[in-house]
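Trainee: I'd like to go through this one with you. Can we start with the charged side chains?

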Amino acid sequence: MNSRPRKPVAPPEQPKPNATAFESVALLLQGGGALGAYQAGVYEALLDADVEPTWIAGISIGAINSAIIAGNPRETRCERLREFWELVSQPHDGGWASAWTGLVNGDIARGWVNQLAAGQIMAKGVPGFFAPRVPPPFLLPAGVPGATSWYDTSALRPTLERLVDFDRINAKTMRFSVGAVNVRTGNFAYFDNETDVIRPEHIMASGALPPAFDAVEIDGEFYWDGGLVSNTPLDWVLSARSDLDTLIFQVDLWSAQGVLPRDLCEVAVRMKEVQFSSRTRAATDSFKRTQKLRATFNELLALMPPELVATPQAQLLAQASDPAVYNIVQLVYRSATYEGQSKDYEFSRRTMEEHWEAGRRDALLTLSHPEVLTRPAGAHSVETYDFTTPKPSSSPGKD
């Protein structure tokens with residue numbers, strides 16, 4: 001057995017499924033509730049640049065955005081995303097929050113308006129998504145339906161059925177994955193159209209964050225929000241060997257980097273950021289080390305005599321090798337100071353539009369760097385980029 005040759009890279013003039021030099025493009029969408037409009041803006045910019053994902057994976061609100069993208073043809077995806085985000089950001093307050101937000105100046109005043117808007121969401125819920133339970137769970141006996149969550153998410157199912165073509169997802173025109181947590185075992189689970197028939201309950205399970213939302217039953221097991229274990233599908237995608245040169249866009253709604261809190265409100269914000277951030281640097285550093293070991297074995301395999309190559313040990317290691325190269329590109333939403341601890345459930349229309357525009361702006365900034373869409377030089381290379389997170393030095397970009 002010889003070392004597996006790298007698949008030839010098509011010359012630039014040949015047609016590509018997207019405007020990159022990569023054979024596979026993965027779009028990974030983190031959980032973060034109302035912040036998810038940022039991901040819609042990122043996707044809109046990618047689509048305008050003809051960067052078309054071949055694999056989309058999401059957690060929580062990222063699972064909903066992923067389902068809308070994978071469950072619609074290219075020409076209507078942004079329209080469906082817009083329809084969802086305008087549905088869930090309908091004025092819940094007679095329009096007073098949007099009116100005041102347009103008038104007030106300064107972070108303190110804007111923060112108060114956002115907190116009031118978030119309070120309206122807590123009291124009334126979100127159209128097409130969730131509504132407060134009546135009676136509330138503390139008035140219900142243990143074990144009865146509704147006793148384990150504050151809100152009822154049954155309205156989300158018809159929303160998904162209207163906006164998502166599940167037959168399209170299950171036709172595998174694009175690989176699709178969503179993550180959830182088995183309540184009984186505590187184990188992380190991925191529902192993937194490579195192996196599963198995707199239904200609305202898979203999307204709802206991925207976003208069933210307790211105690212706000214109830215667990216969702218799938219084939220006799222109950223599942224909670226995947227963000228309880230891992231708020232990014234990065235490990236799932238990196239562990240699935242495809243031998244394809246891959247461009248990965250990791251779209252995060254929570255920043256791992258932050259400042260030391262100065263009061264209890266800032267403590268609450270920072271706690272959420274630490275809990276739900278993706279720690280992408282640790283994952284990519286580990287992946288780089290693994291790829292280096294794979295490359296080293298491939299080089300060694302080429303030097304082995306045939307009798308050693310044929311041993312079960314060498315065969316096993318050869319199967320674990322990966323000739324592909326990777327660009328891992330991170331886009332991180334940097335929330336304004338006034339958004340506060342309620343930013344993941346502040347669904348006002350004005351804030352939604354700001355999140356959407358921030359995602360589009362960050363994606364355009366990232367795509368303006370040609371190295372992002374360029375296959376790294378050399379075999380077994382893994383390059384990482386982040387143009388949205390401020391760096392201590394004056395040289396942002398490649399990590």
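Mentor: Definition first. A salt bridge is a side-chain nitrogen of Lys or Arg within 4 Å of a carboxyl oxygen of Asp or Glu. Also, this model is predicted: local features need pLDDT of at least 70, side-chain atom pairs count only at pLDDT 80 or more, and totals for chains, interfaces and linings use all residues. Residues are numbered from 1 along each chain as its sequence is written, and side-chain values use heavy atoms, with hydrogens and water left out.

Trainee: Okay. Which residues are linked in a network of salt bridges?

Mentor: R157, E161, R199, E201 and D219.

Trainee: And how many salt bridges does the count come to?

Mentor: It comes to 22.

Trainee: Pick a pair. What does R82 form a salt bridge with?

Mentor: With E86. Their closest N and O atoms are 4.0 Å apart.

Trainee: How many residues apart are R82 and E86?

Mentor: Four, inside helix α3 (residues 77–88), so about one helical turn separates R82 from E86. Helices here are DSSP runs of H or I with at least four residues, strands are runs of E with at least two, and both are numbered from the N terminus.

Trainee: Now E273. Which residue does E273 bridge to?

Mentor: K343, with the closest N and O atoms 3.3 Å apart. E273 is in helix α10, but K343 is in the loop between β10 (326–332) and α14 (349–367), so this pair ties together parts 70 residues apart in sequence.

Trainee: Is K343 buried or exposed?

Mentor: Buried, at 3% relative accessibility. E273 is buried as well, at 11%. Buried means under 20% relative accessible area, exposed means over 50%, and partly exposed is in between (1.4 Å probe, protein chains only).

Trainee: What about R82 and E86, then?

Mentor: R82 is partly exposed at 23%. E86 is partly exposed at 32%.

Trainee: Back to α10. What does the side chain of R270 reach?

Mentor: The backbone oxygen of S255, at 3.4 Å. R270 lies in helix α10 (residues 264–276). R270 counts as buried, at 15% relative accessibility. That reach is a polar contact: a pair of N or O atoms within 3.5 Å, where within protein one must be able to donate a hydrogen and the other to accept it, and residues adjacent in sequence count only if both atoms are side-chain atoms.

Trainee: Where is Q30?

Mentor: In the loop between β1 (24–29) and α1 (37–48). Q30 is buried, at 1%. A polar atom of its side chain lies 2.6 Å from the backbone nitrogen of L253.

Trainee: Switching to strands. Which strand holds S177?

Mentor: Strand β5 (residues 175–182). S177 is buried, with a relative accessible area of 0%. Its side chain makes a polar contact of 3.0 Å with the side chain of W55. Beyond four places in sequence, the residues in contact with S177 include W55, Y190, F191 and W236. Contact means heavy atoms within 4.5 Å.

Trainee: What does β5 pair with?

Mentor: Strand β8 (residues 221–225), antiparallel, over three bridges. Two strands pair if DSSP finds at least two bridges between them. A180 stands opposite D225 in β8.

Trainee: And what runs antiparallel to β8 from β7? Or rather, how many bridges join them?

Mentor: Three bridges join β7 (residues 216–218) to β8, and the two run antiparallel. I218 stands opposite E221 in β8. β7 and β8 form a hairpin with two residues between them, and D219 in the turn has a positive phi of about 50 degrees.

Trainee: Last one. How many helices and strands does the chain come to?

Mentor: 14 helices and twelve strands. Buried residues make up 50% of the 399 residues.
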